[in-house]
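My entries follow in the order I made them.

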Amino acid sequence: MHDFSLPIGPINPSMKEPTCIKLSLDGDIIREAKLQLGYIHKGVEHLLEGKRIEQALYIAQRICGICSFCHSNGFNQTIEKMLDYDPPKRVKFIRTLVTELERIQSHILWMGFMFHEFGFNTMFQYLLRDREHILEIFERVTGGRVHHAINKPKTVRYDIDEKDIKFILEKLKIIELQFNSYMGIIKTDKVTKDRLINVGIIKKQQAKRYCLVGPTARASGFNNDIRKKHPYDAYPYLDFDSIMGEHGDAYTRLSVRFMEVLESIKIIRQLLRDLPEGEIPKANLIFIEEGMATSQVEAPRGENFYFTAVKENKLERVKIRTPTFAVINILPTLLENIEVGDVPVILHSIDPCFSCMERVIVVNDKKREVLDEHAFLHKYCNHHD
Amino acid sequence: MSMHSYINIVITMIKLLGIISLALLVDGIFRKLLARTQNRIGPPITQSFYDIIKLFGKKRSDSKGYKNILFKTIPFLYFISTCSLFLFVLGIAKFEFDFIMLIYMIILSSALYILLGLVSNSPFGAFGSMRDMLLMICYEIIMTISLFSFIIYSDVLTLSEMNESWLILKLPIASLCLFVVALVETRITPFDTAEAEAEIMGSIETEYSGGNLGFIGLSRQLRFLFFVILLTRLLFNPSEILSFILFSVLIFFVLLFNEATTARYKADQTFSLLIIILILSVIEFIRLYFVVW
């Protein structure tokens, strides 16, 4: 029996997407947290079924607004595996360049919102200003600031030249300078440290048990960086480190992402320095009679898994496991026995993206039923609000 | 009443209207400068006037607490109690031991603000009120002790008779305590815990709309101006109007600096910090015992 119930969401300033967390409070302490999803389900997997590969690629890169390239890259890899095709090195380098730029802009946006969650709005605004440099690079290199539709099966849509390289290096220099000064703020600002240190601790064992991915897992000392474990695109040719943390609290997760931005800048400099000479192949229509393949890419939030089955050049089945799907399960555990004031910080520290993650549960019970998670729990698990 | 009394009432009303306009202007400047420090263009400095006019022109939305008479009247009472604070700092109302009345009015105003959340029948409002109540236990005591420190040191019976200048140098700890109280009262970071929109949305003001929200907004802007004037009076107390404005601007910029450069503490962290400030204010009060008597 709890004395107070507080709903966070579905519309709440701390959430950039609609979802609901029902908190049962004992004074200021949370005794139980129930996560309710299903507000933004788009049925993407079903939408992809029956589409031609070119059409599907177009949809795949619109699954997420923050890491759109990682989705198109994951999907593209499955197609290229089915075709048994290894793209030219220059194509791989350009793809890796866009992946790392996307990681930088995603982390910067995340950091901005993280600071906003505990009231440091000046840092939020400064970080958004810095993100603008990356968006300008995207605009120049890919033609799009948010959805950089640069991927095509077997190739990329645009090549980069010397002027682009100079432009990218100039912009990266600005971001690097800013980030070194922000690092000083994070290390010295007392209020920031008080709000983040020892908040939402995920131990290494927990990270393994919940199969966490991405920077959230790495901050707990659990390394599952796909770029290192299953290198793809240009990563086998690059010298870089997976940024690891130990303590697993919100402060470590912030520090890990800060360091990852600097590491990504290092990777991009290597890519631009070692960019192979040559032309990128022209895009041609492809045909796959039948096949299935899987792929893994390291999106900014963690491992992005794709399973694709094709029949007569049309998609028969697509299964996408986004990073948020892996990390969201730990959220109710993290929210128990903490203060309400910590909720936005903890929720945001795992970097959830609900719009890419929402799935339905299909239950075949003589007649076909399509239920969201909440309805499923309510009907089959005797789960009551 | 004589003709003279009527004229005095009219003059007082004009002064209060002037104060309200000034408060809105100060809020507009605050928002603009804060935006500039955050690398934003920000709203025009007259935006606060537009906001208030727009709010008073809007209908009240159908809120859960709308049938409650307190829900409808308390925003106005809160506004009146906040306006009345200026009667003391501007010397319009002066009588012996008026500072006790001033302390009472500040506490009344804060209590009415807490009541706003409790009568709104909203979990966010109730939660904001609960937090504010927790903090109020601390910060109102600190304010009372600090104000008494200033009064006792100046050895006066009314606020308008205070002629000691640069008390910030003579009573540094009491000045610091009063400054922290001003941060809490004006909801400036790191002490805007009661209004943390990330977790409890609009907090106490969640259910209010239209004119009622207008009164709450106006009161907030008036409270900010009041604490700027109070801090200038107590900490510096310049005799000339020009230096008064200059020191007020200085206080304004210090508050702005705090808002722009700090994050928000949690309720328990704010409470722990206020306990330390409370101890400091008591130490200063005890020190005064030896200095004055």
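I began with terms: helices (H or I, at least four residues) and strands (E, at least two) are DSSP runs, numbered from the N terminus. This is a predicted model, in which local features need pLDDT of at least 70 and side-chain atom pairs count only at pLDDT 80 or more, while totals for chains, interfaces and linings use all residues. Residues are numbered from 1 along each chain as its sequence is written, chains are lettered from A and ligands numbered from 1 in the order in which they are written, and side-chain values use heavy atoms, with hydrogens and water left out.

**Cavities**

On a 1 Å grid over the protein atoms alone, a cavity is a set of points where a 1.4 Å probe fits but cannot get out; a pocket is an open set with protein on both sides within 12 Å along at least five of seven lines; lining residues have an atom within 4 Å of a point. Grid points are joined across faces, edges and corners, and a volume is the space filled by probe spheres set on the points.

I found four cavities of 30 Å³ or more. The largest cavity holds about 80 Å³. I listed its lining as B:Y78, B:Y113, B:E185, B:T186, B:R187, B:E195, B:E205, B:I216, B:R220 and B:R223. Helix α9 of chain B (residues 210–236) gives the largest share, three residues.

I sorted residues by class: Ala, Val, Leu, Ile, Met, Phe, Trp, Tyr, Cys and Pro count as nonpolar, Asp, Glu, Lys and Arg as charged, and the others, Gly among them, as polar. The lining of the largest cavity has six charged, three nonpolar and one polar.

The second largest cavity has about 60 Å³. Around this cavity I noted B:F88, B:V89, B:L159, B:M162, B:L230, B:R233 and B:L234. α9(B) gives the most, with three. Six lining residues are nonpolar, one is charged and none is polar.

I turned to the open sites. The largest pocket has a volume of about 1100 Å³. It is lined by 32 residues, and B:D27, B:R31, B:E195, B:R220 and B:E259 are the closest to its centre. I read α1 (3–37), α2 (47–57) and α9 of chain B as each supplying at least two lining residues. α9(B) has the largest share here, six residues. By class, the lining has twelve charged, ten polar and ten nonpolar residues.

I put the second largest pocket at about 590 Å³. Of its 23 lining residues, B:L22, B:I229, B:F244, B:I245 and B:S248 are the closest to the centre. α1, α9 and α10 (241–261) of chain B each give at least two. α10(B) supplies the largest share, six residues. The lining counts 16 nonpolar, five polar and two charged residues.

**Helix pair**

I checked how α1(B) and α2(B) meet. Their axes come within 7 Å and cross at roughly 120 degrees. Axes are lines fitted to C-alpha atoms, for helices over the stretch in contact, and angles run from 0 to 180 degrees between N-to-C directions. α1(B) and α2(B) are therefore oblique to each other; angles under 35 degrees count as roughly parallel, over 145 as roughly antiparallel, 65 to 115 as roughly perpendicular and the rest as oblique.
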